[in-house]
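Subject: Structure handover and what turned up

Hello,

Here is the structure you were waiting for. Please open it first, then read the notes below.

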Amino acid sequence: MKSLFTFLCFCIAFVGTAQHTISGYLQDNASGETLIGATLFDLKSGKGTTSNVYGFFSLTLPQDTVKLRISYVGYETQFMEFYLNADKTLNVSLSGVVALNEFEVVATEAERIEEKSEMSTIEISMDKVKSLPVFMGERDIMKTIQLLPGVQSGSEGSSGLYVRGGGPDQNLILLDGVPIYNASHLFGFFSVFNADAINSVKLVKGGFPARYGGRLSSVIDIRMKEGNMKEFHGEGSIGLISSKLTLEGPIVKDKTSFIVSGRRTYIDLLARPLIKAAGDGSVGGYYFYDLNTKLNHKFSDKSRLFLSGYFGNDKFYSRFKDEWTSSGTTYKTEEEGNLKWGNVIGAARWNYLFSNKLFSNTTFTYSRYKFLVGFSEEETWSGQTSGSQTFSFDYTSGIEDYSGKVDFDYLPHPDHYIKFGVGHTYHTFTPGVNSYKENTSVQGESSIDTAFGSSIQFGHESSLYVEDDVKIGSRFKGNFGVHFSSFYTGKKFYNSLQPRFTGRYMITENLSAKASYARMTQFLHLLTNTGIGLPTDLWLPVTDKVPPQQSDQIAIGAAYTAKQQYEISLEGYYKKMKNLIEYKDGASFFGSETDWQKKIEIGEGWSYGTEVLVEKKRGKTTGWIGYTLSWTKRQFDNINFGETFPYRYDRRHDIGAAVTHKFNDRVDIGIVWVYGTGNAVSLGLERYNSLASVLPNDPQGGAAEVEHIENRNNYRMPAYHRIDLGVNLHKQTKWGKRTWSFGLYNAYSRQNPFYLYFSTDSNGNRELTQVSLFPILPSVSYQFKF
Amino acid sequence: MNSYRYLIVLFALVLTGLAACEKPIELNAEVKEPKLVANSWFTADSTMKVHLSRSLSVIDDGDLENVGSGTVRVLDGNGSLIETLTAGSNGVYEGTFTPKVGQTYQVEASAPGYNSVSASDLLVQAVPITGIDTNRRTFEFDSELELKITIQDPPGENWYLLRVQTIHNDSSFVRPAYASGFYTSDPAFESAGDSDYYTWGTFRDRLFDGQEYTFPITLYSYDVSFQVGDLVEVELFTTSEAGYNFRRSIGLYQEANGNPFAQPVQVYSNVKDGFGCVAGYTSFVWPIQF
């Protein structure tokens, strides 16, 4: 009876106490740039919240005096105290700590790792990306992500990602919410993301919140800068192989801003005079470029519009001309070959605040990835006879999406953060179409104009989700959600209900236990057989014969902060994947006369392992070391005779360490060390003669030498390891700041394996030969900022 | 195709340009001892023959010699010895008995310096072709011959190989008899090659178990320039699962060999403790006379 009375009193008190909402946006004081994931915490009530990807926050508290602590990594913490007796709009600008004290990198009172309900999630500091040593002078977000536990890099130099045993297609790479299908330049040696234009990067490997869907293994959520709202600025760099320039500033101060960032390589321009000097009539080269643009406009505190675009292309080209005369006839030939691929994305987003508790974002996006191989030849002759003959061949593959979605953030109470939304995407797949044209003036020969290969396919993908980040008591915080998605192929309708959960339980003030479960469904497949992220990989839809990929992942772990500066996380995971596709034995992307569905097998995969990440965020020396112990397997009924085999990137041990040290405001250094168990490859270790024919007298018969592969991926390449060193020399100038960056990639010149093959030496002895790509590679770049 | 070659060259140039170095490395695996390789396609039309040779480690540059000093015994399904085959030339061991349809045969082979190997297989009943419809079409510049082949598949799992043989009635032909490649997109045919083109078609009865089944194949252009008196033989081989797996995998292996972009192929073997394939087959030939 007494407890019932107490409960009633509590209810009356709760209902009777007026609640008011503090809402607004958090931004950088100097630039007006959005601060994503900044923390607001009321020291009096112990309630808090974080800003969303648009910098919006909302915190509902009882009528009382509030003592707000507003903090963000790398920024000076602000404290505010006021009496809350009505709803309050609070737009807060934080000042960067580095600007106050350049001698030390300080992480202030941000939400600590053990307090977050999410797990298997890492936010990557752009400062860290910019201060680590780099490959060929190009700062690369994807290569920084590769240093984290649970993420593997694939081949030497590649920016491809293999997360917790998943394939490269299983990563949802979002640039301002728009999926990027091929994030690689130059066969994966560089990623398409220009670090100068990026505001924040977040990697999710498991425990996926319900708002994410469509891929099995990871989400890489990259947000572009919005452009300085206060004043005009620029930054750029000149490197060995490329240069880039970023310009940003207000169009109308504090109302409208823009950012434009471009990059281009110039190996082809530098080499062109040399090729011309060779004088054999041929010209060839390679380049890539990309361009990021964004425009944002604040209509009011409630309404804001963003327009963003990305355009990037890679191109290999060669041209050859020749002319000769024979028997009074002059012949001219012109040959041209191209290999090009690229992404185009565009997004229009509109933020609207329905109330101080309900934030909405409406997005319309366009994304296109296209790969093209083209070859053409033209021959003309004049004189005794005249005529012409041309032929051209094009091979095209790609994917194009039109998408729309509406997302809501609803914060009814400090203990609930509800997100919900709905979206639809219209996909167009071009999974390898060949076109061949031939025109001739020669009598008796006919012109040809034909297309063959796989046909263009369409798909409708829809999604719906709801999640709640909820606090229960003082120790438990969880994110419960459900994601529903569907895909219509034109013949078959697939749908999937995907429950999601992640939560933490505070064991002590600095230590929490975490657990998560996520089911993920993927309606797209990537057919690849090279393992080095070639642009020839085909994006394919589910069909009536090829079902969607699905995974179930569970993870448990612990998070601990030691001495206020070391964040330690330990996680174990188990992931089961089904309906994975793989090329059949002997198949390749060449010969695309055959429909892709006839070239694939459908099977299963498993991955399990343990990851440890120790990160230091404070002090002159910062960085992390990550270790992964993992197993990854695949099983297909018609590959390896149905037996389970290790995935190519089954990497038992994987270590990534990244450390930077700031000596003073003029000099800092960075060191990266990576180690990984060698990739698993299929290697025949015995050879014998087999019969090539059923019939003994078959004219097509005879003996065929066979290299016997005992199991798929039966052989381990030597381990991969290297160290990279870098030093940055900064100087303040009259116009701004300049930085000279010197780097050594693979400083001890380790010959890491790229691929293996059997060869014969000069004495006729057979031997295993290793091909390595990059020895020690020095780099230098000059950066400027004004 | 030229364009494919062009693409390969382009990739090769890129990779060569990036390649820093090559070096021999130690093979981090047990160096395999030579094993016996036993190969035999046996049928009811001829006496039992088995070929023996040796395997080598992949880094052994020796010859894959025939093994003539071995002993090859053939046992029936109950393990009773039928015959010890006689060693002939070139590693071929021949018996005097003719295998019978419906019987399982076990081959055991041994030779000094090698571990014994064994394999067994069933000689299956031939499945006949019950009909072929022909349709010859001539276009402006080429022609094609479409054959609609009907078989009556017996209940239970069955495995088939198909080959088309053309025999020209003209002695001026350099090769009057040759295997004609054909195209088919029939779903029963299992291929992962560059196209739907086959020299040896391999198909199984997953889609039509125990039913009558008709499938089309098409011969194009130079294969169909037939004169009166020319003969086209459609040969349907009924074999075991082992024979099917071997024939399919060796075909894929040969097609993929040398293509750096192709998936690796494991060649099937049913020889225990060794390599090779011992498989029975029966054949049915349907002649088409022009």
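A cut-off first: buried means under 20% relative accessible area, exposed means over 50%, and partly exposed is in between. By that scale Lys35(B) is partly exposed, because its relative accessible area is 26%. Please keep in mind that this is a predicted model.

Salt bridges

There are 36 salt bridges over all chains. Side chains of opposite charge can pair when their charged atoms come close. Here are some of those pairs.

Between chains: Lys35(B) pairs with Glu686(A), and the closest N and O atoms are 3.1 Å apart. What about burial? Glu686(A) has a relative accessible area of 2%, so it is buried.

Within chain A: Asp176(A) and Arg349(A) form a salt bridge through their side chains, at 3.5 Å from N to O. Asp176(A) is in the loop between strand S12 (171-175) and strand S13 (178-179), and Arg349(A) is in strand S23 (residues 329-355), so the pair ties together parts that are 173 residues apart in sequence. Asp176(A) is buried, at 2% relative accessibility. Arg349(A) is buried too, with a relative accessible area of 3%.

Within chain B: the side chains of Glu235(B) and Arg163(B) form a salt bridge at 2.9 Å, N to O. Glu235(B) belongs to strand S19 (residues 231-239) and Arg163(B) to strand S13 (residues 159-167), so the pair ties together parts that are 72 residues apart in sequence. Glu235(B) is buried at 8% relative accessible area. Arg163(B) counts as buried at 2%.

There is also a network. Which residues does it link? Salt bridges connect Arg164(A), Lys205(A), Glu571(A) and Glu611(A).

Ser781(A)

Ser781(A) is in strand S49 (residues 777-785) of chain A. Is this residue buried or exposed? Ser781(A) is buried, because its relative accessible area is 4%. Its side chain makes a polar contact with the side chain of Gln783(A), at 3.1 Å. Leaving out residues up to four places away in sequence, Ser781(A) touches Gly137(A), Ile238(A), Gly239(A), Thr739(A), Trp740(A) and Ser741(A).

Best wishes

Definitions and conventions: Residues numbered from 1 in each chain as written. Chains lettered and ligands numbered in written order. Predicted model: local features only at pLDDT ≥ 70, side-chain atom pairs only at ≥ 80, totals over all residues. Heavy atoms only, no water. Helix = DSSP H or I, 4+ residues; strand = E, 2+ residues; numbered from the N terminus. Buried < 20%, exposed > 50% of the residue type's maximum accessible area, 1.4 Å probe, protein only. Polar contact = N/O pair within 3.5 Å; in protein donor to acceptor, adjacent residues only side chain to side chain. Contact = heavy atoms within 4.5 Å. Salt bridge = Lys/Arg side-chain N within 4 Å of Asp/Glu carboxyl O.
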